[in-house]
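Please have the sequence and the model open while reading.

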Amino acid sequence: MSETVLDRIKAYKLEHVAACKQAVPLSEIEARARSASPVRPFARALHEASQQGYGLIAEVKKASPSKGLIRPDFDPPAIAAAYEEGGATCLSVLTDGPSFQGADDYLVAARGAVSLPVLRKDFMYDTYQVAEARSLGADCILIIMASVSDAQAQELEAAAADWGMDALIEVHNQEELERASLLKSTLLGINNRNLKTFETSLDTTRTLAKLAPIDRLLVGESGLFTREDLADMARFGVRCFLIGESLMRQEDVAMATRDLLSQPLTAHGGM
Ligand SMILES: O=C(O)c1ccccc1NCC(=O)[C@H](O)[C@H](O)COP(=O)(O)O
């Protein structure tokens, strides 16, 4: 089988983590994590927001493998502040450099500019990265089921819990959903983008939302552009969203965020 983007990312990420461990030992990263700013409740914030309206994880994303450069004038703290002003519930900050032009410093700067909980959006394989995420101030990590074994997922999830962080478990198909159901985390992301082919379809959420355990808080991820998209997802029980590109392409990010979160009126004029 030919190598996918996800395979390529995994290969360089494992090398990167090995180099980081050589440069900064785990004991030092753990010391930094212990003195990091207190954890902000990520899952709880989404749960509460989704009771009133929608929960939004707004992504600070400069570029991506599928779209190339998305936002040339990239200022993470200003974007973070605009997201908060527009009503976002949480932030997601990409820290991967080679594929997303992200950086650890972006997370630190974005989180420092707001009071929102923050997801470290990266490709996690090693508990070292979880401690590192906390040392940067992250409140939640991402676990991509397409890229880890069950044992790795459990280990990463347990490490996040040990640091008081939440974990967003991401799935793209039924097999990954069944594996994710064995984990404890309540946050279940359904990624509409196939990370191996980049094909994006909201049918992924429409199909998988019905199969998810009822105790999970579902997060629709990727390929969401309009209020109608969100209303469509809400009909399938999904009221939390992870959105990057559509907001990052807007000149007025705060206004675009506010607009996206306002629910369309029904034919009867109600919500
Ligand atoms: O976005 C990509 O091209 C991508 C490629 C390979 C692995 C992951 C990728 N994206 C991560 C994400 O899932 C998205 O950044 C996130 O869900 C937001 O998606 P969007 O609103 O479509 O920017």
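Which residues in α4 meet which residues in α5?

## Contact of α4 with α5

P76, P77 and A80 in α4 meet Y106, A109, A110 and G112 in α5; contact requires C-beta atoms, placed from the backbone, within 7 Å. By class, this contact has six nonpolar, one polar and no charged residues. Ala, Val, Leu, Ile, Met, Phe, Trp, Tyr, Cys and Pro count as nonpolar, Asp, Glu, Lys and Arg as charged, and the others, Gly among them, as polar.

Helix α4 spans residues 76–86 and helix α5 residues 104–112; they pack at about 40 degrees, with axes 8 Å apart. That angle makes α4 oblique to α5 (under 35 degrees is roughly parallel, over 145 roughly antiparallel, 65 to 115 roughly perpendicular and the rest oblique). Helices (H or I, at least four residues) and strands (E, at least two) are DSSP runs, numbered from the N terminus.

## Ligand shell

Around the ligand there are 20 residues, of which S64, S66, S222, G244 and E245 come nearest; a residue is near if its C-beta atom, placed from the backbone, lies within 6 Å. The elements giving two or more residues to this shell are β10 (240–243) and α11 (245–248). The shell divides into seven nonpolar, seven polar and six charged residues.

## Basis and confidence

This is a predicted model: local features need pLDDT of at least 70, side-chain atom pairs count only at pLDDT 80 or more, and totals for chains, interfaces and linings use all residues. Residues are numbered from 1 along each chain as its sequence is written.

The protein chain has a mean pLDDT (the predictor's confidence in each residue, from 0 to 100) of 96, and 97% of its residues reach 70 or more. For the complex, the predictor gives an ipTM of 0.98 and a pTM of 0.96.

Technical notes
Axes fitted to C-alpha atoms, helices over the stretch in contact; angles between N-to-C directions. Contact = placed C-beta atoms within 7 Å.
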